[in-house]
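Dear colleague,

I am passing on the structure we talked about, together with some notes on what I found in it. Please have the viewer open beside the text while you read.

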Amino acid sequence: MTINRAFLGHRFSAAEPYEVTRVKIREFAEAIGDPNPAYRSPDAARALGHPDVIAPPTFPIVITGIGSAGSPIFEPEFGMDYGRVLHGEQKYRYRRPIRAGDLLSVRGLVAEIRDAGPHELVRVETELSDADGEPVCTAVNVLISRGTAASGTGE
């Protein structure tokens with residue numbers, strides 16, 4: 001089954017903003033094993049010029065998961081068979097660090113669906129904006145649907 005190209009350009013968003021807390025940041029830092037004190041101590045973060053603790057660079061994966069609740073890639077009509085999916089790429093483009101106290105809105109876009117040999121690539125871009133509507137970070141995620149391209153060897 002090929003990916004439904006009608007979803008190219010589809011936009012989606014989380015139902016409500018994500019509140020970033022010190023606890024969530026500390027838990028994430030502990031989960032990834034990063035001992036940076038700026039992720040745990042407001043004083044350490046302030047010494048680096050931040051108003052409160054900041055999140056590790058990969059923290060947006062927690063938030064974009066919230067946005068994924070509205071993502072069409074989980075709908076049957078999209079055509080994604082998760083038994084065939086690999087996580088191909090993850091990038092983050094920051095305008096500023098994510099910090100405790102942020103209330104972040106999540107908006108996503110199915111930015112690209114294309115063949116790559118026998119596989120299909122799906123690129124989803126998710127924008128995180130603060131309570132003032134200012135962009136904070138863009139998460140770019142590429143999923144590989146193995147062997148599902150129309151010209152591929154998929155079933």
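How many of the 155 residues of the chain count as buried? The share is 40%, where buried means under 20% relative accessible area, exposed means over 50% and partly exposed lies in between, with a 1.4 Å probe and protein chains only. Please keep in mind that this is a predicted model, in which local features need pLDDT of at least 70 and side-chain atom pairs count only at pLDDT 80 or more, while totals for chains, interfaces and linings use all residues. Residues are numbered from 1 along each chain as its sequence is written, and side-chain values use heavy atoms, with hydrogens and water left out.

As to the overall fold, the chain has three helices and six strands, and its order along the sequence is β-β-α-α-α-β-β-β-β; helices (H or I, at least four residues) and strands (E, at least two) are DSSP runs, numbered from the N terminus. The C-alpha atoms fill a box of roughly 55 × 30 × 20 Å along the principal axes. Among contacts (heavy atoms within 4.5 Å) between residues at least 6 apart in sequence, 70% join residues at least 24 apart.

In soluble globular proteins, nonpolar side chains tend to be buried together.

Asp130, in the loop between strand 5 and strand 6, is buried because its relative accessible area is 13%; a polar atom of its side chain lies 2.9 Å from the backbone nitrogen of Asp132, and, leaving aside neighbours within four places in sequence, Asp130 is in contact with Arg96, Leu103, Leu104 and Val136. Asp52, in the loop between helix 2 (42–47) and helix 3, is buried at 14% relative accessible area, and it touches Arg22, Pro42, Ala45 and Ala100, not counting residues up to four places away in sequence. Glu125, found in strand 5, counts as buried at 17% relative accessibility, and with that exclusion of residues up to four places away its contacts include Arg93, Arg107 and Ala139.

The largest pocket has a volume of about 210 Å³. On a 1 Å grid over the protein atoms alone, a pocket is an open set of points where a 1.4 Å probe fits, with protein on both sides within 12 Å along at least five of seven lines, and lining residues have an atom within 4 Å of a point. Of the 15 lining residues, the closest to the centre are Thr64, Ser68, Ile73, Val124 and Asn141, and helix 3 (60–67), strand 5 (119–129) and strand 6 (135–145) each give two or more residues to the lining.

With best wishes

Note on methods:
Points joined across faces, edges and corners; volume = space filled by probe spheres on them. Polar contact = N/O pair within 3.5 Å; in protein donor to acceptor, adjacent residues only side chain to side chain.
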